[in-house]
Structure formats: structure tokens, C-alpha cells
Amino acid sequence: MNEALNARQASFVAMMRKSPDHANRGFDLLSKREDAQDYLGVLRKEGLLDADKNPQPVSVPDQEGFVRIPYWRALDYLETLARRSKEKHDLELGRALLEIVAAISIPTSSGETVVDNYHTFRKFAEIVGLVPIDVVNDSVVDLVPIWLTSKYDRSLAAIAVSDGLLSNLLATDSDEAARQASRILRYLTHFEHGTDEDVFEVKTVVDDFWLKEIFSKHIKLFGSRARGEAAIVLESRLRNVFAARQKPYRSSLWRPAIEDHEQNRGYRKAENIFVEGLRDILLAWTETGDKSVDIYVERLLSDKAFDVLQRIALHVVDEFYDHYRDLLPPRKAINFLADPYRHELYRFLKGHFSDFSDADKALLVDAIRSLDVEGKDDNAARRRAYVQRDWCSAIRDKGYEPADVFFRSLDTRKGLGELSDHPDFLSFFTMRAGPDRSPFTAELLATSAQEGRLVELTSSFKESGSWRDPSEEGLWDTLKEVVSAQPELFVERLDDYVGVSIPLIHTLISGLSRRVQEKAAEPGPTANSRIWKALVSYFENVLADPGFWTATDVDGQNLLPRRSWVLSAMADTLAAGTRSDKTAYPKELLPAGWRVICVLLERCPQIEELELSDLSMQAINTARGRAIEAAVSHALRACRVEKKSGKDHAAVWNELAPVFDAQLALTNGSNYEFSLLMAQYLANLDYLSPEWLEQNFQRIFNRNSFENFRCALAGLAYTSLTSRVYLLLVQHDVIGAALDTEYQKRQEGERIVEFMCLALLWGDEDLESARFSKLFESDREAELMTATDWFWSVHDTKMSERRKRLVRRFWAKALDWSSRRKAPPVRLFSKLCRLGGYVDKLDRNSTDLLKAVAPYAGHDFNISELIKEIVRLTPTSPQNAALLTETMLSSSRPYHDYRGELRSLLRVLADHGQREAVFRVLDALTKTDPSMVEFYNDLSAN
């Protein structure tokens, strides 16, 4: 640490004093120099390492409440010296570094506060872990809680302490190091109780995830090195945590098991960490053979004020029974035959009862016999026997007959019910995922079907009511797999299953439907034709059965199939069988399929109450909606079949049209599903019959019924738009009416705007039309943003100039619209920045468009998109590109150019003769972004 620098070195330090940027650059260079240590004394003397140089948090412009935490480059320099002090065991250098760390970490007067810079706190924690351990004293250790006070991040400093200083102390075999490590443990485990909203909440100074990681790494070393000192730290934490929890509940409510167990509550992380920490310290301490741990464990066993400590001690005794046998003989163990100690003592007795003498075994059995419960009501005796049986179950089958006899007498007692699966817990939470179990195996179900006993077998099953036992859901799921895998057992005798239960009907349909769909794409003749023929016939027979319509439906408390499921399954199956010609069912079955669909349309109930938040989802999830979709799919398939034969499909449509006419006649305050799905399938209807669509367009979009019209608009959002369909929508003023409609589902309104934009590019719409004029009304910013988003999503450099010009005209009209507002529409302007892809050259008009919106590019994170477009346009118009860059950065400066996009733009501008503008930009950038200093220097050198 030579303070007598040569002239060149002194000049270097003088340069560092010019500005924070110069200082940061200097520290970066010093960190790489072999003589870095020689500068330390002078840097301290010149004040470059004073506390006031530690950067304060900086407010983020235009984002109230947000701050940026600058990084101090001096920290890297200090870290470099810390590494060298350890490598060379340079105690003098290590002490000098710790003096600097302490001077910045501790306020010099009572009125000062420490700068809250979590980067600095983290690096200081790393530096203390790098210097020789010999120079670390209590005053250094006492800096740790200061580094854990940042309101922005505490865990980074804690991790650094754990990985460095704490690891070093626990690796040092000395009492002093163990004491200091325990001191750090106390700081890391500091916590505060929750507010009035949750008085039981425990908030640790270190995030509980990282605290658990730290414990996982060090806790056993604490037990073997720090021992009692570390144990006392966590004992005090547990006393503090559980002091408020002894009434009305004991610790077992918060921590059901001392060992790691699925019943422990994962959300009580701090409490779990403290319990597990003390437990593991005591276990590791015991393994050392140090007899002082016996005194400690015995004291915990006797601490009746805190049962959590007693339970931890019980667990330790259980784990090391041979070591602690004398601490807990049966005459003492019986004192723990109480609810708070249920789990730990149960484990203890279950594992060690066999080791007791007969006299001690008898003593324990008598103690269980003598147990009593609170209350003198009629159920007291039953509760007492229940508790006695739970305890007795721990010692049964251990070779002691009196215990076995006592247990059997309790277990056969009337009114007690079955022994709990988990008698060692007062309560036990469990869950099961996956399908329910079936009461019958797949093999038994298949055999029963083959022998004609399936209906009898399935009807014989009754649920027990327990979630653990087999259920009807499991039965029908398993049977569906059997039907799908072995359709031959059912196809020839489907008539036998008419009039059976609704769940069985649904299962048969679902299984066979899955089968034909899975095998549909297989080449060559398959058994599908036979299955399809049987299925369609089965549909007709089931629907013709009066009992199917009068059967009592199941309630909605479970997922058992009900009548609506059967109707939906029929419709879905028929739709799947007509959707594609490659996988369709035989055309000979089309008349029968249509008859089924007609019945479904006639009998499926209609929606009674609309859910405006998602009309489409509501419609397609009803049996009626599925039937309508099946009707459309059937009509398309029938017409395609006719057309493939070389005929006009008009005749086929004429046969089907009366059904559509009849359904359309109901769309006046009812049949909402039909209104929605006809609008959704406009393009398909135009294929089926352009004449029918034109004649009935007004009825599909029925203005006389608000509900039906709203449903049609909801369906329109999902239609496949064609030029002809759009012209029909315009002709009947549906687009204009749709723009004036309020939507609860935002996507429905957005889709109308997107249709208009697509029609504009097709040439079927005009920016001066009445419809686009509506978009430029005063309260239409959301619609303009939707249009902007859509234009951006389809932009392509290969797009014709005519279309690009249309988008730029829209852009200009949006700017004109904004000029009539009191304040600029910031979000719209930010989105308009993304339309730079529609600009091929920066002429006056295009530059004006971009210049108007460029200052707002950063508001919705669109600055990267604009930078990319300016880079593309720079070669042809460098001067205007530079102007746009300065305009953009005037208020949308990116704070972290982590992908280097801005640097690339500035370099391209500099390469195209705009260095003066680039340096103006950099002069502003380097004041807030230190990473730009190096780029500034590199650009200056070239």
C-alpha cells in the first residue's frame, strides 16, 4: 500500500477524481493491474473510497415509487485486493480492507444513515469472506445485521455471508470461531411477528427459502462445532415464536411431526426451519460423544412451558435411544401420554417398547388404562376408549400379551369404529390424485359383457361414501377403456343396452366413439364401418326410448354422466364422423345420422340465461350447441359427397334447409346457440347455399332481439372471414352496429376491428367509410390500439406498396385524432412505434410519423422494435435516423441495454457520418448508465 506514487500513477488518480464516471473507469482498470494494492492508500486519502461515494438509489423517471440501484465499481477493486490478501496471507491488507468496509457500513454520527445499496452490502459480505480469517473479530461479525437491513434485497448479502465468512468460521477448529459463527446464526435468524392481520406470521430477516438453504449447508457443522451456543440461539427463537401459540393450541398444530414428514405445513416455513435447525444441531451434537448434550436434552425434556422443545428432545432420545436410555425410562415416558406429544411418544413406544422390561411394560399398559379425557358427558367414555386404543396400537404385536389383549378389547368395542390409519396424529391430511378406482377389474367387466351380465354387475355396485374406496366414476372410466379396447364384445348386442342407466349408455357411446376415431385414419377396410352402423342405430333406439327421457338424472355433486352428457356425446360422435372425408363414416349412414341430429335439435334444452362474459363458451358447451355444430358438419359432408359425384349440391341442401329454417324461426328471444353458431359458420353457410345465406342474413343477426343479436356478434368473432362475408356484414350494417355494442369479453370487440383492418388491405374497406370514421371518434383509443396491434402483427417487408401506404394513412389519421385530445394517448403512440415496418424510406412524411411517436416508445416496452427499424432505415436516410434516435431517447431512454441493441444503432449511425449526434446521445446516456462509458471510450478511440 505504497502512498508515494510516481507521476504517472498520480496522474491516473487525479483523472479518477474528475467525475463518478472517471472513477468507475479507473476502478475497472485497477482491478486488472498487478500493482492495484499500491493505490489503496492514496485512493483512501483522496476520498475515492469514502462512504459518500457509495451510490444512493436513483428514482426512475415516469415510474413513481421505482428506483434503480447503481453499482459501485470500487467494489470490484476491493474484491480483487481481498483475494490477494488471502492468497498472500497479507494481514495488513486484510485489516485495511475491513476498515474501509466498516467505515462505509457504520454511520459516523447519530444523525446519519447508511446508504441502502444492496450491491454494496453483498460485495462487503463477499470481501469479509475473502480476507484472512485471522483479521476477523467481533466488530466485523457485527456488521452482518447492517447488511441485512436493505429494503430492496437482503438475501444476496445473507448468501454471501453463508458462502464466505460463515463457511470459514465453521471450518476453523477454535472456540472463538464457533462463538462468532453462533453470533452470525443469531443475526441470520432474526425475525418479526406478523401484523394484526396474521399475528401468527413469522417474517425472517432473510427470505425463508434462502434461510433454509443456508441451514441445509451448515446446520450439522453448527451441531458438531458450535454445539450448545448454536442450540441456544435456535432455542430462543422457538421460545419467541411459540410463546404466543401455547393457547389455545399446542405446537403440534403448527408442526405435527418433529422429523421431516408430509404432514408438516410447508407454508409455516420459518417455524419449520427453527424446529429442524435445533433438531439437527442436537443430533449432530450427540454424534460427537460430548456428554454436555445430555444435560441440555434433559433440560428440554423438563421444560413444560414449551412443549415444542420437549417434543424435539423426545425425538432426539428416540433417534439415539441407546445413548439417552437413562434420560427417559418408562416411568418418565408415561408423563408424555398426552395430545401435544402424541406423534413423538408414539414413535418412541413403537420403536422401543420391546426393549422395556416386563415390569416397565406393565407400568406403561396400566398408565394407558388410567388415561382420562375431559368432560363428563355421555360420549366421554367412548372418547376415552378411542384415545386408549390409539396409544395401545403403538405397543401391540410386540410380544407382550397383556398389551395385545387390552388392544383387542378396545378394538372390538362397539361404537368406536375402525382404528385410524395414522393413530400417531391427532389429525391427518391427505389427498389423492388421478382417476378413481373401479370396484371391478377390466377383465371382470369384459367377461361380464361377454356373458351378458354387465348390466347386472354394474347395477350391483353401491358407493361406500369414502373417498378412498372405489367409486362409480372409477367404474365407468374403466368400462370405457374396455369398450374402446374390445368393441366386439358390445357392437353386436348394443340393443341389449337400450333402457339401461344413463351412465352406462354414456360409457358405451364414449368408448365406441373413441375407438372409431382412433382407427379412422388407418388405411384399408377396417371394422369401423360395422361399429358406425351399430352406433348410429343405437343412437336412434336410445332416443326413441321414452324411459331415457324420463329417467331421473344424477345430481351435480359428482362427475357421473347425466342425460346431457349422452346427448353431447352423440352429437360429438356424429360431428367427428362427418368433419373430414378421409375419416368420415360411410355415406350410406348419412340419412340415419341426420335423423339423429334432428331429434337432438328437437329435444336438447335451450340456454335459459345468458352469460355475457363468454357467450361462445357457454353455447358450445351445451348439448344443443354440440347438436347444431353436428348439423353444420353433416350438411357440409353431405354436400361434398354430392359434389364429388359430379352433381350440384343444391338439391341436397334443399332437403336439409327446412331444419335450419325451423331453427332460425326460433331465434327471437330464444335458441341463442343457433344465432351464435350460424354467425360463426357464415363462410360455411355461404358454401352450402349463398342464396339461403343472403335471404336469412338479417334473421341471423336479428336486431329485434338484443340477446340473439349479441349471441350472433359473439359467434362472429370466431368466423372465418371472406371478402364476400365482409361485404354482407357491411351491406346489413352489422359492422357499424357491432362497433356500437358494449362487450364484456374484450376479444369479441377487438375481432370486429381486426376484420375491418383485413378488409382494408383486401380493398373491401375504405379509411373514409362510416365504419372507420367511428374508429376515430373521441373515445375509441382502445379500438385504435387494437387496429395498430393487428397491423403490426401482419407487417411484412414484401407487402405491396399500396397496402403499406394504407397503413401509413391510418397512422396519420390516428395522429390527427390524437391532436384533438387534451393529453397525448401515450399507449397508442407507443404501439404506433411498431408500425415502422411499413416505412421503406425516411422521407418527410414518414419521418414526421415516426418523430411524433418516438418519444413514447419506452412506455409499453416498444423501444427495441423502434430501434430495429431505425437501424434498417439508417443507410438510406442517416440524418433523419439520427434525428429520430435523439427524439426517441429524449424521454424513452432504456436503462439497461442488456442486448446491445442501442449500441448497435449508435455504431451504425456513427458509421454513416452521424458521430456528432451519437456523441450528444452518449453524453446524456453516460450520466445515468455507467455501462455506456466504456462504449463511449471505444467509439472515441476509433
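## Helix 48 and its cover

In helix 48, the residues A881, A882, L884, T885, T887, M888 and L889 are buried, where buried means under 20% relative accessible area with a 1.4 Å probe and protein chains only. The cover over these buried residues includes helix 46 (844-853), helix 47 (863-873), helix 49 (901-911) and helix 50 (915-925), counting heavy atoms within 4.5 Å as contact. Helices here are DSSP runs of H or I with at least four residues, numbered from the N terminus.

The model is predicted, so local features need pLDDT of at least 70 and side-chain atom pairs count only at pLDDT 80 or more, whereas totals for chains, interfaces and linings use all residues. Residues are numbered from 1 along each chain as its sequence is written, and side-chain values use heavy atoms, with hydrogens and water left out.

## Helices 20 and 22

Helix 20 (residues 358-369) and helix 22 (residues 401-411) pack at an angle of about 20 degrees, with their axes 9 Å apart; the axes are lines fitted to C-alpha atoms over the stretch in contact, and angles run from 0 to 180 degrees between N-to-C directions. The two helices are therefore roughly parallel to each other, a term for angles under 35 degrees. V365, I368 and R369 of helix 20 make the contact with P402, A403 and F406 of helix 22.

## Residue L457

L457, which lies in helix 24 (residues 454-459), counts as buried because its relative accessibility is 12%. Leaving aside residues up to four places away in sequence, L457 touches F440, L444, L445 and S448. The C-alpha atoms of L457 and L444 are separated by 9.3 Å, although these residues are 13 residues apart along the chain.

Note on methods. Parallel < 35°, antiparallel > 145°, perpendicular 65-115°, else oblique. Buried < 20%, exposed > 50% of the residue type's maximum accessible area, 1.4 Å probe, protein only.
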